[in-house]
Structures are given as structure tokens and as C-alpha cells.
Amino acid sequence: MANDDSAMPSGLAAVFARLIAATGPIPIAHYMAEANARYYASRDPLGAAGDFVTAPEISQMFGELIGLWLADIWQRAGGPDGVCYVELGPGRGTLARDALRAASRAGFVPEVHFVETSPALTALQQAAHPEAIWHHDLSGLPNDRPLLIVANEFLDALPVRQLVRTAGGWRERMVGLDPEGRFTPVAGSRPMDAVAPEVFAKAGEGAIIETSPASAAVVQEVAGRLARQGGAALFIDYGYADPQLGSTLQAVRAHRKVDVFAEPGEADLTAHVDFATLAAVAEQAGARWLGTSEQGAWLLALGIAARAASLTRTAPHAAEAIEAAAKRLTAPAEMGTLFKVMGLAAPGWPDGAGLARANSGGAG
Ligand code: SAH
């Protein structure tokens, strides 16, 4: 560690460097949680001028089709009174705006609840949805009414825990400092063989197991609430349908992948979502798993082509942009197959449009 102050990093990097120098390496999950809390607290990262672009910011069609999905399942559940729209990590509030507009045309006008920790994004959401009610986590949501819950690119921002296979067995993957004072991944000193899943027992040296206890906790709470209160949920994110080995942790800044360890708090840290594990968690907590579909197939099943055609009729000058947006959301080489849509519902609620339980996921 350099004692020369001018060589010291600033902000969160300096805090981490002091902490590691004083007490040793910190778990990847700790690093990711603190880095993202710092990252989201102070900025709006969305859009062309920011760090990344999400589906609702690409086209109004995305939120509209989600709103119609919610109105449809609500109607087929008998149109119960007092249902709340709940969005986890609503960003600029764009998805909610488009979804609620489309849902209201279908006769569904719910109370609006947002779960958000970022002061910067809360301010933008307040401007777009003055009527909404904000929460820092799920614990304060109403517990006496059915909930229709939406989370787009929320779970990927929650911290992952990693285990790495060493010559001495499984260890927690941690963040330490190299001789130049840069952050670098290191294996923890305590044996972790007891928590490595059986399926990966034979993985070779260097193999990494990634899990997201924070995502599992969110899905467990959502599923428990659906089981007790009624309702349905959509989790949309990039991720994989079957369990896999390897680190998917990445950092994105100004639309480019950057070094995860370079500037904590200045880039968006994300990991792919393990949908099969989350479906099993949801079923164990008492919810129905409605299926996990690829985003492209799901949007096409919900009628994105017809919606694009109708938008083009009202705005012929925007025909090219509308077509390009629909392609970006659905094409396999773009967001169509990497992004998945997982549906959950209360035990007594109907199936979800466009979702099928054909493939992986669930307790199986
Ligand atoms: N859903 C939006 C924004 C995605 S970015 C969209 O699709 O455009 C991730 C969102 O989750 C941001 O609103 C961020 O502030 C919020 N977020 C990240 N970590 C969170 C946490 N632990 N608790 C609550 N919100 C969180």
C-alpha cells in the first residue's frame, strides 16, 4: 500500500482500499453492493447520454405490452378490487407511465407503489408519478391486497456471491489489493466446501460458482406475498435458464464494458440472473411459476408487431424508428434471447399471456 496521498484513489475506492488494508480482502458481494449503492444514489444512468439503455427507454411498446399483460391477468382473475401496481427499481418511471396508460385503457387503474433506493432516480419518478407511494424495500408494501409486481433490469443490479475452486477446495471469491494498490480478485482463506452445490462438486481448479442471495430473498418475499395476498409478478432481465459455472459479473460505463475492479461506484455492476434457481425459490415460497420465456418470443406473442403497425399508422414519419425499436427488443442478436421474462402468480390466479412452462425452471 502506498503511503503517498497523491497515489490514493478517491471516493469509494479509497474507502475500500483503507478497509482492505486494515482488515483484509472483502467478499465480492460486499464490493458489488456498496459500489452499486454509490453508483445509483447520485445519478440517472439511463439513456444515450448515460451508461446504458433499458427496454422501456427504447420504446413505449415495451411498457404498454406489460400494462396489457397485467390488465389481462387481473381481468381473468375476476378483476379484484384494491390491487396495487408495484415496480421494483423503476428507473425514470418510463415503464410505469407506459404500462399504467395501457392498463387504464383496459379498465385497470391500480394504486402505484415504487421500491427504490436512489434519491436521484426517486426525484425523476416523483416528477413522472406524483401520486405514487415510495418504499426503500419490499417490507413496507401493503400486505392486505393483491399485488401486480414488475421488475425490469432490477435483479441484475443486486449483489452476487462467488465461490472459487482452489487447490485447497472451494473458497469465497474476495476483492484484495495487488502490490500496486489496485483491486484484484483473490480466494478467501476459509474453506467453503459446505456451501458449494453438489452438481458442481467436480468442477476444476479456477471454476467459479455465482449465486445471488439478495435476488433469491427478493423473489422469496414476492412469492410469499403473492401466495398470501394474491396477484402476479414479472421479472425481466438478462440471464440464463439453466444453472451454469463462471462469473458473469460485469461493469458498464458509457455503453462500454469496463474493468469491474477499476472504479467502484463509477460504473454499473451487474450479473446475469439465474432464472431456474429463482423459479424454484418462488415455488418453494408458495407461488405459481407461470414460465420463463425469451423476451423476443414473449413480446411477439403479446402482439408487438400489431402495436408497431398501429403506432406507425398514427406517426408514419417515425416508421423506421418504430421498426428499429421493435427489432432491438425482439431480435435474437439484440435483446430477444438474452433477456428473459419470468412470470409468477398466486396459486388461485390464471396463467400469464405468452408464458409457458415448457423449458427449465421451477422445482422441476
Ligand atoms: N427498471 C428501470 C431501471 C433499471 S436500473 C428500467 O428498466 O429502465 C436499476 C434500478 O433499480 C434503478 O432504478 C436503481 O436505482 C434501482 N435499484 C438498484 N438497486 C436497488 C436496491 N437494492 N433496492 C431498490 N432499488 C434498487
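1. **Basis.** The model is predicted, so local features need pLDDT of at least 70 and side-chain atom pairs count only at pLDDT 80 or more, while totals for chains, interfaces and linings use all residues. Residues are numbered from 1 along each chain as its sequence is written, and side-chain values use heavy atoms, with hydrogens and water left out.

2. **Ligand shell.** There are 15 residues around the ligand. Thr54, Gly89, Gly91, Glu116 and Asn152 come nearest. A residue is near a molecule if one of its heavy atoms lies within 4 Å of it. By class, the shell has 7 nonpolar, 6 polar and 2 charged residues. Here Ala, Val, Leu, Ile, Met, Phe, Trp, Tyr, Cys and Pro count as nonpolar, Asp, Glu, Lys and Arg as charged, and the others, Gly among them, as polar.

3. **Polar atoms at the ligand.** Gly89 has a polar backbone atom 2.7 Å from a nitrogen atom of the ligand. Gly91 places a backbone N or O atom 3.1 Å from a ligand oxygen atom. Asn152 uses its side chain: a polar atom there is 2.8 Å from an oxygen atom of the ligand. On its own, the ligand has 570 Å² of accessible area, and the protein covers 90% of that. Accessible areas come from the Shrake-Rupley method with a 1.4 Å probe; for residues, only the protein chains shown count as cover.

4. **Cavity.** A search of the whole structure finds 1 cavity of 30 Å³ or more. The largest cavity has a volume of about 30 Å³. A cavity is a set of points, on a 1 Å grid over the protein atoms alone, where a 1.4 Å probe fits but cannot get out; lining residues have an atom within 4 Å of a point. Grid points are joined across faces, edges and corners, and the volume is the space filled by probe spheres set on the points. The lining consists of Tyr31, Ala251, Asp259, Val260, Glu263, Pro264, Gly265, Ala267 and Leu269. By class, that gives 6 nonpolar, 1 polar and 2 charged residues.

5. **Loop between E11 and E12.** Check the backbone here. Ala254 is found in the loop between strand E11 (250–253) and strand E12 (256–258). Strands (E, at least two residues) and helices (H or I, at least four) are DSSP runs, numbered from the N terminus. Ala254 is not a glycine, yet its phi is positive, about 50°. His255 lies in the E11–E12 loop too. Its phi is near 65°, again positive in a residue other than glycine. Ala254 is partly exposed at 45% relative accessible area, and His255 is partly exposed at 41%. Buried means under 20%, exposed over 50%, and partly exposed in between (1.4 Å probe, protein chains only).

6. **Thr292.** This residue sits in strand E15 (residues 288–294). Thr292 is buried, at 15% relative accessibility. The side chains of Thr292 and Trp289 are joined by a polar contact of 3.0 Å. Such a contact is a pair of N or O atoms within 3.5 Å; within protein, one must be able to donate a hydrogen and the other to accept it, and residues adjacent in sequence count only if both atoms are side-chain atoms.

7. Met61 lies in helix H4 (residues 60–76) and is buried at 0%. Met61 and Met335 are 274 residues apart in sequence and 14 Å apart in space, C-alpha to C-alpha. Cys84 belongs to strand E2 (residues 84–88) and is buried, also at 0%. Its C-alpha atom is separated by 8.9 Å from that of Gly231, 147 residues apart along the chain.

Technical notes. On a 1 Å grid over the protein atoms alone, a cavity is a set of points where a 1.4 Å probe fits but cannot get out, and a pocket is an open set with protein on both sides within 12 Å along at least five of seven lines; lining residues have an atom within 4 Å of a point.
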